[in-house]
Amino acid sequence: MSTYELPKIWKNTAKKDDLNQASSGARFEQVLPKGQAPYQLYTLETPNGIKPLIMFEELKELAQQNLDYDAYKIDIGQGQQFGSDFVAINPNSKIPALVDQSEDETLRIFESSNILLYLAEKYKLLLGQNNQEKTEILNWLFWQTGAAPFLGGGFGHFFHYAPEKLEYPINRYSMESKRQLDLLDKELAKKPYIAGHDYSIADIAIWSWYGRLAENKLYENAAEFLNLSQYQHLMEWSKKISNRPAVKRALDVTLKTI
């Protein structure tokens, strides 16, 4: 293997039609569809993308209010996240993104954890019964925000997506992924849900990554490679959430094409 020599200044080698670029912003004009439901969700069936789907389906049962939503597919493989209308909702060009048109002023909400928090606060559900419970839920919600990029962009990229298998980054991110899995397993040995006795938005956020990993639904053979079966409490928690009716419905949602 040849040794990479660092240049003094990094040079962008991406082609004009590459999805990954060194600049942000819209790349083409776009008109996104907009339905009549109170909420307009633009997403994809990825770990981050399924979080708001699960949240909406859970709230439908718990709130028993008008929680209709339209869910549209943003095909990130085709670059639809770089269209002008989507960038106007999320300037970072990442799914999911949500528009709440039920308020006096239309609101945009982006970043999956913020969507969960926004809806939980609005409907006063899945966010604990007091400040102590809410704080612990937010501890774990933001733990996931910081931890999951090591699992996805780190381990997932080099284990599954990278054009060649490289020992150093795979070992590095496997080590960190195993540390995170061990942490979750030890926490779930002490309580039924990650933030305590009750199911919350922290469970939704973490399950969408680590529960799906435990079910081998993220990267082919990753559950075996990381020996997920050794984390008994994590596996039991993952199965418990997978069996929730709202979670099952969310995973069966057919996203509308734009």
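Reply: Happy to! Keep in mind that this is a predicted model.

Me: Great. Which strands stand at the edges of the sheet, and why is one side of each left without a neighbour?

Reply: The open sheet has 5 strands, in the order E4-E3-E1-E2-E5, with mixed pairing. Strands at the edges have a single partner strand each, so one side of each lacks a neighbour in the sheet. The two are E4 (107-110) and E5 (256-257).

Me: And which helix packs on the sheet, touching E1, E3 and E4?

Reply: Start from the pairing of E3 (residues 97-100) with E4, which is antiparallel over 4 bridges. There, Val99 sits opposite Arg108 of E4. The helix packing on the sheet touches E1 (39-43), E3 and E4, and its direction makes about 130° with that of E4. It is H3, residues 112-123.

Me: What is the handedness of the crossover from E1 to E2?

Reply: E1 and E2 (residues 69-73) pair in parallel over 5 bridges, with Tyr42 opposite Tyr72. Between these strands the chain passes through helix H1 (residues 47-63). This β-α-β crossover is right-handed.

Me: Last one: where does the kink in H4 lie?

Reply: H4 covers residues 131-161, and its kink is about 35°.

Technical notes. Residues are numbered from 1 along each chain as its sequence is written. This is a predicted model: local features need pLDDT of at least 70, side-chain atom pairs count only at pLDDT 80 or more; totals for chains, interfaces and linings use all residues. Side-chain values use heavy atoms; hydrogens and water are left out. Two strands pair if DSSP finds at least two bridges between them. Contact means heavy atoms within 4.5 Å. Axes are lines fitted to C-alpha atoms, for helices over the stretch in contact, and angles run from 0 to 180 degrees between N-to-C directions. The bend at a residue is the angle between axes fitted to the seven residues ending there and the seven starting there. A crossover is right-handed if, with the strands pointing away from the viewer, the path from the first strand over the helix to the second runs clockwise.
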